[in-house]
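Hi,

Here is the structure I promised to pass on.

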Amino acid sequence: MQNGMRDFTDCKILVGHEYFVACAIELPPCPAHPAGAVLSAGYDRTMSGQTIVDPVINIWEGESIVGVLKGHTLTVCSLAITATGQLVSASWDKTVRVWDLNTRQCTATLKGHEQAVWSVLALENGAILSGSADKTIKLWDNNVCTKTFTGHTDCVRALALMPGLGFVSTGNDASIRLWSLDGDCLMEMKGHDSFVYTLAVLPSGEVSCSPSHSSLLHAALIMYALFWTRS
């Protein structure tokens, strides 16, 4: 550790994608993968209207690919695991797909967004949230869209769960929004002057996010007391 920063070294390099890798997540131990696994998804490569490289989701055990999920037609840019162990994927093809990791088959294709879907978030109750370049966030329950959240003025790039309150979102409008699952925007935080690509909620209740113009994480504090005062 130097200057309060932890040092990290890579322990494995997984090689197998034919084009850029867009996202990756850890799969906890489950019946299909007792030792757990890593899931990674990639960009498609299209030239002159022809797909040269398909956008696939690779399933890794150790350094080996043990499964490949195909179905999306454009870049797969976000992955999530539901409470029941299903995989959810978001794509620039405007869809969200739900996958059974035991059969490695797509069990549902969720359609409703008008532009690329950039982010998916699995909720504790089994529902799914999706954020899109169409500036909306959709709530899916049993594969049906039950609510559409509006408020962002540009592409929604990232979502994160805020336990006990709802969820937070961010994107190209450089704002961070706190939402209740009822559809209300509880708080809007501004401070960035460019796109915000990712965010995560820390155990302390802080939201850590990564803007496009900086490699440093910028933390915006959400105080629970403030939320309760405004409710």
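Let's start with asparagine 142, which counts as exposed because its relative accessibility is 69% (exposed means over 50% relative accessible area, buried under 20%, and partly exposed in between, with a 1.4 Å probe and protein chains only). Before going further, some ground rules: this is a predicted model, where local features need pLDDT of at least 70 and side-chain atom pairs count only at pLDDT 80 or more, while totals for chains, interfaces and linings use all residues. Residues are numbered from 1 along each chain as its sequence is written, and side-chain values use heavy atoms, with hydrogens and water left out.

Back to asparagine 142: you'll find it in the loop between β13 and β14 (144–149). The strand numbers count from the N terminus, and strands are DSSP runs (E, at least two residues; helices would be H or I, at least four). Asparagine 142 has a phi near 55°, a positive value in a residue other than glycine. Most residues other than glycine have a negative phi.

Alanine 174 sits in the loop between β16 (166–171) and β17 (175–179). Is alanine 174 buried or exposed? Buried, with a relative accessible area of 10%.

Leaving aside neighbours within four places in sequence, threonine 170 is in contact (heavy atoms within 4.5 Å) with several residues, including His152, Cys155, Ser175 and Val196.

Now for β12 (residues 128–132). Five of its five residues are buried, so this strand is largely enclosed by the rest of the structure. In a regular strand the side chains alternate between the two faces of the sheet. Both faces of β12 are covered, with Ile128, Ser130 and Ser132 on one side and Leu129 and Gly131 on the other.

Which strands does β12 pair with? One is β11 (residues 117–122), antiparallel over five bridges, and another is β13 (residues 137–141), antiparallel over four bridges. (Two strands pair if DSSP finds at least two bridges between them.) Valine 120 has serine 130 in β12 as its bridge partner, and glycine 131 is partnered by isoleucine 137 in β13. Both pairings are hairpins: β11 and β12 have five residues between them, with glycine 126 in the turn at a positive phi of about 95°, and β12 and β13 have four, with lysine 135 in the turn at about 80°.

Last, the inside. The largest nonpolar core has 14 residues, of which Ile57, Leu69, Leu79 and Leu87 touch the most other members. (A nonpolar core is a set of buried Ala, Val, Leu, Ile, Met, Phe, Trp, Tyr and Cys residues joined through side-chain atoms within 4.5 Å.) The elements giving two or more residues to this core are β1 (21–27), β2 (37–42), β5 (57–61) and β7 (76–81), and β2 gives the most, with three. Apart from it lies another core, of twelve residues, among them Ala80, Ala90, Ala108 and Ile128.

Cheers
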